[in-house]
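Please look through the structure shown here together with the report that accompanies it.

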Amino acid sequence: MTQQQIIIIQNSWVDIKLIALEAGLLFYSKLFKAAPVIKHLFNEDIATQAHKLMSTLGFVVVHLN
């Protein structure tokens, strides 16, 4: 990954953080529509799971360097 790509991703993440929960919920909504058979693997409240996903992605984005 180039430095320019890292900057683009990190700058984009600033906008996504503003709607992190909604983005996470949208991800799981689309995931379960595409693969409904895996929904049973997510026993936890999906909002909590979405928050964990976005927090993890945020960590990865911040540490791309």
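## Basis of the model

This is a predicted model, in which local features need pLDDT of at least 70 and side-chain atom pairs count only at pLDDT 80 or more, while totals for chains, interfaces and linings use all residues. Residues are numbered from 1 along each chain as its sequence is written, and side-chain values use heavy atoms, with hydrogens and water left out.

## Overall form

The protein chain has three helices and zero strands, arranged along the sequence in the pattern α-α-α; helices (H or I, at least four residues) and strands (E, at least two) are DSSP runs, numbered from the N terminus.

The C-alpha trace spans about 40 × 20 × 15 Å along its principal axes. The radius of gyration, taken over C-alpha atoms, is 14 Å, whereas a compact globule of 65 residues would have one near 11 Å, by the rule of 2.2 Å times the number of residues to the power 0.38.

Helix α3, which covers residues 46-62, has 17 residues and reaches 24 Å from its first C-alpha to its last, close to the 24 Å expected at 1.5 Å a residue, where the expected span is 1.5 Å times one less than the number of residues. Within α3, the residues Gln49, Ala50, Leu53, Met54, Gly58 and Val61 are buried, and what covers them includes α1 (3-17) and α2 (20-34).

Note on methods:
Buried < 20%, exposed > 50% of the residue type's maximum accessible area, 1.4 Å probe, protein only. Contact = heavy atoms within 4.5 Å.
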